[in-house]
Amino acid sequence: MTIRILNCAPMSPWLPRWHLGAPCLLVDTDRGLVLVDTGLGLHDYVTPAPMVRFFRLGFGIHDDPEHAAVRQLSRLGHGPEAARHIVMTHLHFDHAGGLPDFPHAQVHVHRREYEATLHPRSWIELGYDRSDFAHAPSWVLYDQPTEDWLGFQAIRLPFRPEVYLVPLFGHTRGHCGVAIQDGGAWVFQCADAIPTNAQFDLTPRWLNRLVIGPHVPKLRDWASRHPEVRLLAGHMRQSFFDAQGQPC
Ligand SMILES: [Zn+2]
């Protein structure tokens, strides 16, 4: 079993002048390859929605479609049909933009997140791009926790190794973390529920509450008691990807 970490939305914001990327996980499971988040898709480079164009400029998102997950899978020898399942932390454009590149995939997401895209009601939910869903994805929606995962109420997804959707509502209405068993350890993609680079003290509390949601203090404490869990954030420094030793 392998978990490959792709950088599917490299960006270099002007202030602070960081070089960041958005990790998308490619997981080898008993049901084939599973992609966790997609990053930006080809249409975000070719025909970006005005909102996406605005954020691409504001956050210095690199203008290179070769970073799209579908292109990266192609370089790994996989066609788009190889990713039969996509698990989404949430549906903001920088996580879901690649969905149209995998039109045959089943898309696993929390029901609250799917419903938020239908009726956005806060400023941060304006980050949904309807063109990411115009191809009518084959949604697989979840809402009831099924079991406890290391102290979190979680939803077990139908894959081996074990994969859990862990509700971390706040950044968006239905935002979830995704936990993936990695031998005797775990990878826990907390996405936009924790600050950039999974550095808990990087951003002030007021900014966490405003943008990231309420989970930072609990996750900081929880992570200190679970060294077997590798935490990822929705946006990691380029040095993190360089250290993976994998092409991006
Ligand atoms: Zn987000």
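Guide: Let us begin with one residue, keeping in mind that this is a predicted model. Cys24 is found in strand S3, which covers residues 23-29.

Visitor: Why is Cys24 called buried?

Guide: The word buried is used for a relative accessible area under 20%, and Cys24 has a relative accessible area of 1%, so Cys24 is called buried.

Visitor: Which residues is Cys24 in contact with, leaving aside its neighbours within four places in sequence?

Guide: Among them are Arg4, Ile5, Leu6 and Cys8, and the list also includes Val36, Asp37, Thr38 and Gly39. Contact here means that heavy atoms lie within 4.5 Å.

Visitor: What makes Leu150 partly exposed?

Guide: Leu150 has a relative accessible area of 28%, and because buried means under 20% and exposed means over 50%, with partly exposed in between, Leu150 is called partly exposed. Leu150 lies in the loop between strand S8 (147-149) and S9, and it has a positive phi of about 50 degrees although it is not a glycine.

Visitor: Where is Asn197, and what is its phi?

Guide: Asn197 sits in the loop between strand S12 (185-189) and helix H6 (205-212), and its phi is positive, at about 65 degrees, although Asn197 is not a glycine. Most residues other than glycine have a negative phi, and most peptide bonds are trans.

Visitor: Which residues are joined by a cis peptide bond?

Guide: The cis peptide bond joins Arg160 and Pro161, with an omega of about 5 degrees, and Pro161 is found in the loop between strand S9 (152-157) and strand S10 (163-167).

Visitor: How do you know that the radius of gyration agrees with that of a compact globule?

Guide: For 248 residues, a compact globule would have a radius of gyration near 18 Å, and because the protein has 16 Å, the two values are taken to agree. The C-alpha atoms fill a box of roughly 45 × 40 × 40 Å, taken along the principal axes.

Visitor: What makes a set of residues a nonpolar core?

Guide: The residues must be buried, of a nonpolar kind such as Leu, Trp or Phe, and joined through side-chain atoms within 4.5 Å. The largest nonpolar core has 42 residues, and those with the most contacts inside it are Leu25, Trp149 and Phe188. A second, separate core of 23 residues includes Cys8, Ala69, Leu91 and Ala96. In soluble globular proteins, nonpolar side chains tend to be buried together.

Methods. Residues numbered from 1 in each chain as written. Predicted model: local features only at pLDDT ≥ 70, side-chain atom pairs only at ≥ 80, totals over all residues. Heavy atoms only, no water. Rg over C-alpha atoms; globule rule 2.2 N^0.38 Å. Buried < 20%, exposed > 50% of the residue type's maximum accessible area, 1.4 Å probe, protein only. Helix = DSSP H or I, 4+ residues; strand = E, 2+ residues; numbered from the N terminus.
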